[in-house]
Amino acid sequence: AGAAEVSGVKVDDKASVGGQELVLNGAGMRTRLFIKVYVGALYLPQKATTVQGVTGRNQPRRMALALQRDVGADQLLESLRAGLADNNSQAELDAIKPQVNEFATIFKSVGEAKAGQMIVIDYTPAGGTKITLDGTVKGTIAGEAFNKALFNTWLGDKPVQESLKKALLGTG
């Protein structure tokens, strides 16, 4: 079992989240105006090719982002807010507003993430959404609703990038 590779970035084929082994579901490059931003990799207990298969079950999951360029917290949060607004109803957004604010606080505390760093977003039903930067835990946000809304930014009807969504779901 070797690792996958996306644009020269090695992607592990397994991950452990909350004591459960997860498999690489898919990985792809996020670009913006032809600039490589990050390699995203999605890990699940078993492979899924639909959004429902990823967030429809309250199960452990991981989104790993291998940064390819420096990204400021404000830039990241702007993208996140747009992604949340595009892929979740106003009622869903209102319900997770405190968690979104908590997420913003965590990212502002990081400041700028540098090329070569790894942002990992782990979710477990018991523990919520844990954000780590290069192995250091930066914060944890409770609740399944926030995690589903967050994953919708990559996998929803209007994902941040259609080709990345297909790559993450292994359908591209």
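**View 1. Helix 2 packs against helix 4 in this predicted model.** Here we're looking at residues 73-87, which form helix 2, alongside residues 97-110, which form helix 4. The two axes sit 9 Å apart, and the packing angle comes out at about 160°. Since angles over 145 degrees count as roughly antiparallel, that makes helix 2 roughly antiparallel to helix 4. As for handedness, the crossing of helix 2 with helix 4 is right-handed.

**View 2. Zooming in on the residues where helix 2 meets helix 4.** What does helix 2 bring to this contact? On its side you'll find Ala73, Asp74, Leu76, Leu77, Leu80, Arg81 and Leu84. Helix 4 answers with Val100, Phe103, Ala104, Phe107 and Lys108. Sorted by class, the contact between the two helices holds 9 nonpolar residues and 3 charged ones, with no polar residues at all.

**View 3. Stepping back to the chain around the helix pair.** Tally up the secondary structure and you get 6 helices and 11 strands. The chain has a radius of gyration of 15 Å, close to the 16 Å that the globule rule gives for 172 residues, so it's as compact as a globular protein of that length. Along the principal axes, the C-alpha atoms fill a box of roughly 40 × 35 × 30 Å.

View 4. How much of the chain is buried? Of its 172 residues, 48% count as buried. Now take the contacts in the chain with a separation of 6 or more: 58% of them come from residues 24 or more positions apart.

Notes:
Residues numbered from 1 in each chain as written. Predicted model: local features only at pLDDT ≥ 70, side-chain atom pairs only at ≥ 80, totals over all residues. Heavy atoms only, no water. Axes fitted to C-alpha atoms, helices over the stretch in contact; angles between N-to-C directions. Helix = DSSP H or I, 4+ residues; strand = E, 2+ residues; numbered from the N terminus. Parallel < 35°, antiparallel > 145°, perpendicular 65-115°, else oblique. Left-handed = near helix turned anticlockwise from the far one by under 90°. Contact = heavy atoms within 4.5 Å. Nonpolar A, V, L, I, M, F, W, Y, C, P; charged D, E, K, R; others polar. Rg over C-alpha atoms; globule rule 2.2 N^0.38 Å. Buried < 20%, exposed > 50% of the residue type's maximum accessible area, 1.4 Å probe, protein only.
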